[in-house]
Amino acid sequence: MCGIVAYVGSQPAREILIEGLKRLEYRGYDSSGIAILNGAAPYLAKCAGKVAQIEQRIQADSPEGATGIAHTRWATHGKPTEINAHPHRDCTGDIFVAHNGIIENYQRIRSVLTAAGHSFCSETDTEVLSHLIESHYKGNLEAAVQRALQDVQGTYGIAVIHSGQPQQVIVARRGSPIVLGIGKDESLAASDVSALAQHTDQVVYLEDNEIARLEPGRFSIKTLDNRSISRETQALEGGSEAMDRGPYPHYMLKEIFEQPEAVENALRGRLNHSEGVAKLGGLESVTDRLEKARHLIIVSCGTSYYAGLYARYVFETLTDLTVETELASEFRYRKLNIRQNTVVLAISQSGETADTLAALREAKRKGALVLGLVNVVGSTIARETHAGVYSHAGIEIGVASTKSFTSQLTILLLIALLIGRGRDLSYEEGERLLRGLEEVPDQIREILAESGHIRQLAEIYSSASHFLYVGRKYQYPIALEGALKLKEVSYIHAEAYAAGEMKHGPIALIEPSFPTVALAPEDSSYEKMISNIQEIRAREGPIVAVTTKGNTRLGPFAEHIVEIPRNESILMPLLAVVPLQLFAYHCAILRGCDVDKPRNLAKSVTVE
Ligand code: AGP
């Protein structure tokens with residue numbers, strides 16, 4: 001979604017801001033803009049379309065100045081046009097504002113300011129902020145922003161500059177992330193650490209209702225009601241090398257190939273073989289409440305929701321908890337009967353997904369113990385949950401989640417194992433799972449070595465208009481995830497069904513031009529899957545079967561077989577998803593799609 005980057009220092013701001021915008025491109029956007037303080041005549045450039053266009057303008061104009069703000073906009077209020085792009089200016093042309101979030105009462109503020117003589121040129125909610133700050137400005141920008149925000153309802157992460165105060169940037173947040181990056185003689189701010197990583201590894205996360213003043217190499221923070229906050233910088237995990245694509249043509253492919261290490265990182269230091277259990281430091285503070293838990297509700301969106309669906313089967317197998325998995329966006333519409341012994345687990349790669357955040361806040365209000373499984377360290381969900389576990393999958397840039405998914409599955413297994421071993425799960429069962437988990441990274445490497453075979457399958461099927469994915473039990477969420485991957489990056493229509501549902505409707509779709517990906521490893525639901533595959537075959541539907549290495553029984557029914565190594569049934573999803581990710585990637589490339597930035601999508605969905 002929208003992205004902000006701000007700089008104040010001694011270097012030319014233009015290059016740093018453009019570089020920052022490029023680092024934010026993966027989040028999804030449709031227009032961009034830059035404002036640079038430049039003596040008496042501040043510079044402003046805005047474009048609809050790609051950052052490359054604004055880069056061309058900046059190269060041609062070469063604006064001077066070492067303080068500036070920049071923004072990528074994902075349109076909500078008003079079309080993605082140059083006029084609606086940020087930064088927005090006030091009437092004097094001195095104040096510039098970049099904003100993420102939604103100002104809910106902007107129409108009322110706009111009418112009051114219009115009546116007071118301000119004139120507006122865009123259709124956006126954001127423009128009211130620049131005029132509101134102007135109306136409160138009496139020589140101190142920080143004070144004016146602080147005062148203006150008292151009149152604002154809604155969510156914001158903002159960066160503000162004033163041409164009369166060229167050595168400072170003011171940032172503030174409520175419900176939309178802002179992180180500060182502090183270097184030697186320079187300071188930055190961004191809505192996402194990825195825009196800072198190449199400049200500094202010293203960061204500070206702003207909390208809701210806080211405002212910060214950035215000067216070169218220095219920062220100060222206070223609350224919007226004027227309490228000073230003392231906060232140290234912290235080292236950024238991952239660093240700038242995580243942002244480089246290395247030998248890979250796309251981040252999505254790089255991240256698919258990083259999965260063996262992502263699973264190793266998820267497991268590192270967390271396996272206790274002598275007890276056949278997982279060790280999760282982030283949950284130790286809530287051990288007592290976890291021991292008493294009877295009811296688990298998992299909330300998440302998209303790929304993280306499918307990880308949650310998988311977790312339902314896993315927790316039901318390994319523990320005696322009653323488990324529900326709910327879309328975060330639907331959570332508030334259900335009467336979920338949250339009790340003293342209810343645990344709510346929020347799963348999120350970004351840690352900023354607005355629906356997941358709203359769900360966890362609601363669960364907290366109702367008294368549940370709220371846990372997080374989050375990848376981005378220091379993100380809002382990580383900070384607002386009572387306790388939790390980090391995935392440590394590393395920065396994920398591709399809009400399509402890949403390595404964060406396998407990492408989530410791994411950690412969900414560890415959490416279930418931890419809870420299960422405190423109940424009925426035996427040492428032998430626990431230890432068998434730990435050993436199986438340790439095999440997963442090398443087994444993923446084996447699958448990745450067959451990427452060429454998956455590419456050949458993509459060459460055969462990438463012109464299909466529709467695809468069906470089917471699986472049962474542990475593999476059902478993987479069918480859903482495989483279909484999501486295909487549709488989001490290749491734009492091929494794909495849907496997924498629990499294989500047992502075929503007869504209840506979807507089998508009507510089957511015909512020779514409608515291929516099915518059938519997830520059929522030799523696991524606990526394998527025999528039933530064979531019957532479903534035969535039903536599809538009998539209607540002349542082409543089948544790509546994903547099954548265990550050496551299995552010959554599917555040969556007569558499937559056009560194509562993709563083999564994956566053998567492991568415990570409960571662990572096979574960590575393997576089965578990998579060829580589906582590769583298939584989606586190769587289909588997208590063959591169809592000429594922008595895999596890292598699919599149309600209409602954003603990496604982090606920060607509006608509800
Ligand atoms: C899937 O590839 C997408 N990236 C999307 O479905 C994503 O999983 C969803 O928006 C939730 O994001 P989160 O994990 O950052 O909360």
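My first note is a definition: I call a residue buried when its relative accessible area is under 20%, exposed when it is over 50%, and partly exposed in between, with a 1.4 Å probe and protein chains only. The model is predicted, so I keep in mind that local features need pLDDT of at least 70 and side-chain atom pairs count only at pLDDT 80 or more, while totals for chains, interfaces and linings use all residues. Residues are numbered from 1 along each chain as its sequence is written, and side-chain values use heavy atoms, with hydrogens and water left out.

I searched the whole structure for salt bridges (a side-chain nitrogen of Lys or Arg within 4 Å of a carboxyl oxygen of Asp or Glu) and found 34.

I looked up D320 and found that it pairs with R423 in a salt bridge, with 2.7 Å between the closest N and O atoms. D320 sits in the loop between α9 (302-318) and β19 (322-327), and R423 in the loop between α13 (403-421) and α14, so this pair ties together parts 103 residues apart in sequence. Helices (H or I, at least four residues) and strands (E, at least two) are DSSP runs, numbered from the N terminus. D320 is partly exposed at 38% relative accessibility, whereas R423 is buried at 18%.

I then turned to R365, which forms a salt bridge with E362 at 2.8 Å between the closest N and O atoms. Both residues lie in helix α11 (residues 354-365), 3 residues apart, or about one turn of the helix. R365 is exposed, at 63% relative accessibility.
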